[in-house]
Amino acid sequence: MQRARVGAVEFAEMARSVAGAARRAGLAAPVFRSPPRRAGCLRTFRRRGRVVSVRFRDRLVSDVLADMVEGVLVANDVPDTKREALRRRLLHEGSPPVADERRAVA
C-alpha cells in the first residue's frame, strides 16, 4: 500500500494515467475534478457528462486511485461480470510511479 499523500500535481498525473488506461481498455475516459461539490463526500459521479469528482487532500494515493477507477467503471456502466477484471487492470495501469522512480527519470 502506498502511504504517500496526494497533491494537485499527483492528482493530475493519476487522472492522465487512469484516463489512458481506460481508453486502452476500450472505455470512455471521464473527466476528473476535485473536490466534489457535495460537502463531506470523498467522491461523486455525474453520469451525464461523465464527471468523476474525487477529494484528494489528506488522502492516501491508493484510496484516491481506487475512487478514480471506480468512477471509470460507473461512468461506463461496466457490467458486474467484467467489473473485477477491469478494476484490477485499471488499478495496475493507472498507478503512479514510486517517488524514487520519478526522481530517477526526471
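A residue is called buried when its relative accessible area is under 20%. In this predicted model, Phe11 has a relative accessible area of 7% and is therefore buried, and Phe56, also listed at 7%, counts as buried by that cut-off.

**The aromatic pair**
- A search of the whole structure finds 1 aromatic pair, and Phe11 and Phe56 form this pair, which is stacked, with 5.0 Å from centre to centre and 25 degrees between the planes.
- The pair links distant parts of the chain, 45 residues apart, since Phe11 belongs to helix H1 (residues 8-24) while Phe56 sits in the loop between strand E3 (51-54) and helix H2 (61-75).

**The nonpolar core**
- The largest nonpolar core contains 23 residues, and those with the most contacts inside it are Phe11, Phe32, Val64, Met68 and Leu90.
- At least two residues of this core come from each of H1, E3, H2 and H3.

**Helix H3**
- Helix H3 (residues 80-94) has 15 residues, which at 1.5 Å a residue should span 21 Å, and its end C-alpha atoms are 20 Å apart, in agreement with that expectation.
- A kink of about 25 degrees is centred on Leu86 in H3.
- The buried residues of H3 are Arg83, Leu86, Arg87, Leu90 and Gly94, and what covers them includes H1 and H2.
- An α-helix has 3.6 residues a turn, so residues three or four places apart point the same way.
- Beyond its neighbours within four places in sequence, Leu90 is in contact with Ala21, Ala22, Leu27, Val69, Val72, Leu73 and Ser95.

Conventions: Residues are numbered from 1 along each chain as its sequence is written. This is a predicted model: local features need pLDDT of at least 70, side-chain atom pairs count only at pLDDT 80 or more; totals for chains, interfaces and linings use all residues. Side-chain values use heavy atoms; hydrogens and water are left out. Rings of Phe, Tyr and Trp (its six-membered ring) pair if their centres lie within 6.5 Å; planes under 30 degrees apart count as stacked, over 60 as edge-to-face and the rest as tilted. Helices (H or I, at least four residues) and strands (E, at least two) are DSSP runs, numbered from the N terminus. Buried means under 20% relative accessible area, exposed over 50%, partly exposed in between (1.4 Å probe, protein chains only). The expected span of a helix is 1.5 Å times one less than its number of residues. The bend at a residue is the angle between axes fitted to the seven residues ending there and the seven starting there. Contact means heavy atoms within 4.5 Å. A nonpolar core is a set of buried Ala, Val, Leu, Ile, Met, Phe, Trp, Tyr and Cys residues joined through side-chain atoms within 4.5 Å.
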